[in-house]
Amino acid sequence: MPILDFKELSASKSSSPAGEDLEGLVRELGKQLGLNPEWSGRGADQGRDLFFTESRKGAVGSQNLRWLVSCKDFAQSGRSVSETDVGSVSDKIAQHKADGFLLATTTTVSTGLKSLLDGLNEQRVAETMVWDRHELEHLLLRDANVGLVKRFLPQSYSAYQRLSSLPQALESLKVLIPPTIYKKIQNVIETYHVEESWISGERIWPYDQASARTIDRALSLLLERNDPSQAAQELAYGEIEFDAFEAALKTLAALKPAQTGQLCRDLIKARNGEGPSLFAFRFYTERYEPNNEEQIELAVELATEDLVDLYGDEIRVFIYEALTTSPERYRAWDDLDVLSSHTRLEGAHPYDLSVRPSKDRSKIEFLASIEISVELSYDKETAATFMSFPGNVQGYIDPYGIYIDDFTVDTKRFYR
């Protein structure tokens, strides 16, 4: 639950135009953060533009970045900020010759606006950043900035003062409630309060309520009930956007690494072939660096379509390199070598690849159709002939590498 109630800004008795109290708060916050705020004078439409100048110092020089700041106070309605609320961001950046765009809001941004701002970043049109209600709260509750809370949000400041003395309040509860109840309260607080921050679905993904609720249910199963298997089912098959699923895993891994490791393993076993299980496998192997044996143990739990996505490219490259480099190692070479006095295998192009766990689940097996290209030479006076033949290749992946069990080729067309 948020500590700061930004509705206090909207309820201000000042005569400032709507939203200007938020602008004032953001301006002062920028000043505290060393961002050198300035804003244009109020025009005929009562509007004015706020700018931050950020100084970045590098190893060989420094750079000043000019940020155009847009403040949107929708605390009363609670609605998110959409693309229509901010207008053409790229045009505004160009008009003001800004290097970046900062949106500060007392609610959140819509998924559409988030995608738009992320796109401007990725396309290098300008840097973009969002201070939503959670980020604003995080910044304002730093020790150096709490004075701004007292000045702009006095009621919230009083609530924060009570909350900041939570350890003392818990101590006082010891003599007021039974020990078993006290222990439960203490466990819940310790579960959800990590590194001066509360873990919740809304904080992890404020852009969609359904996704936030799914994350909250998964958090309860994982952290309170210690049931990672059910938490995995909730995340894998619940109503949740994929970006929210990804954000939940990354947040939990940073704050609760041990529980998240087990959650990833159970997500892999959930066998959701539409993305979650495969993402969990890749996330787990990258972050927790399991050995090869454990990777295979987990991979055999994936759906077959995930196995193709995971290993397909690697298998295709291996087949090509193995067959073109050392074809004589496989029995198909006997059928190819007899076709001329000097046969050279030029290409091996696998297709229709299938990948599945072995029956004993100790390795990953693969089977592919293959088109083999060969150069057939007979003597110095006769030009080489090029032909292609269909074939099949099968093999496996185990903790020690990729291997081809068998490679066969059908050369009937040569004899027709």
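## Close-up views of a predicted model

**View 1. Arg-413 and the residues around it.** Leaving out residues up to four places away in sequence, Arg-413 touches Glu-371, Met-387, Ser-388, Phe-389 and Pro-390, where contact means heavy atoms within 4.5 Å. Arg-413 and Pro-390 are 23 residues apart in sequence, and their C-alpha atoms are 9.7 Å apart in space. You will find Arg-413 in helix H20 (residues 412-415); helices (H or I, at least four residues) and strands (E, at least two) are DSSP runs numbered from the N terminus. Arg-413 is partly exposed, because its relative accessible area is 37%; buried means under 20%, exposed over 50%, and partly exposed in between (1.4 Å probe, protein chains only).

A quick word on reading these views: residues are numbered from 1 along each chain as its sequence is written, and side-chain values use heavy atoms, with hydrogens and water left out. This is a predicted model, in which local features need pLDDT of at least 70 and side-chain atom pairs count only at pLDDT 80 or more, while totals for chains, interfaces and linings use all residues.

View 2. The largest nonpolar core has 69 residues, and Tyr-311, Ile-372 and Phe-407 have the most contacts inside it. Such a core is a set of buried Ala, Val, Leu, Ile, Met, Phe, Trp, Tyr and Cys residues joined through side-chain atoms within 4.5 Å. Setting aside neighbours within four places in sequence, Tyr-311 is in contact with Phe-281, Ile-296, Ala-299, Ile-364 and Ile-397. A second, separate core of 30 residues includes Phe-6, Leu-35, Val-69 and Phe-152.

**View 3. Aromatic pairs.** The structure holds 10 aromatic pairs. Rings of Phe, Tyr and Trp (its six-membered ring) pair if their centres lie within 6.5 Å; planes under 30 degrees apart count as stacked, over 60 as edge-to-face and the rest as tilted. Trp-205 counts as buried because its relative accessibility is 6%, whereas Tyr-207, at 22%, is partly exposed. Tyr-284 and Tyr-288 are stacked, at 5.1 Å centre to centre with 25° between the planes. Both tyrosines lie in helix H16 (residues 276-288), four residues apart, which is about one turn of the helix. Tyr-284 is buried at 4% relative accessible area, while Tyr-288 is partly exposed at 26%. Look also for Phe-242, Phe-245, Phe-279 and Phe-283, which ring pairs link into a cluster.

**View 4. Charges over rings.** The charged end of Arg-66 sits over the ring of Phe-51, 3.9 Å from its centre. Lys-363 lies over the face of Tyr-396, at 4.3 Å from the ring centre. A charge sits over a ring if NZ of Lys or CZ of Arg is within 6 Å of the ring centre and within 35 degrees of the ring normal.

View 5. Asp-85 is placed in helix H3 (residues 83-86). A polar atom of the Asp-85 side chain lies 2.9 Å from the backbone nitrogen of Ser-82. Not counting residues up to four places away in sequence, Asp-85 touches Lys-72, Phe-74, Arg-79 and Ser-80.

View 6. Cys-71 counts as buried because its relative accessibility is 14%, and Cys-264 is buried at 0%. A search of the whole structure finds zero disulfides, a disulfide being a pair of cysteine sulfur atoms within 2.5 Å.

Note on methods
A polar contact is a pair of N or O atoms within 3.5 Å; within protein, one must be able to donate a hydrogen and the other to accept it, and residues adjacent in sequence count only if both atoms are side-chain atoms.
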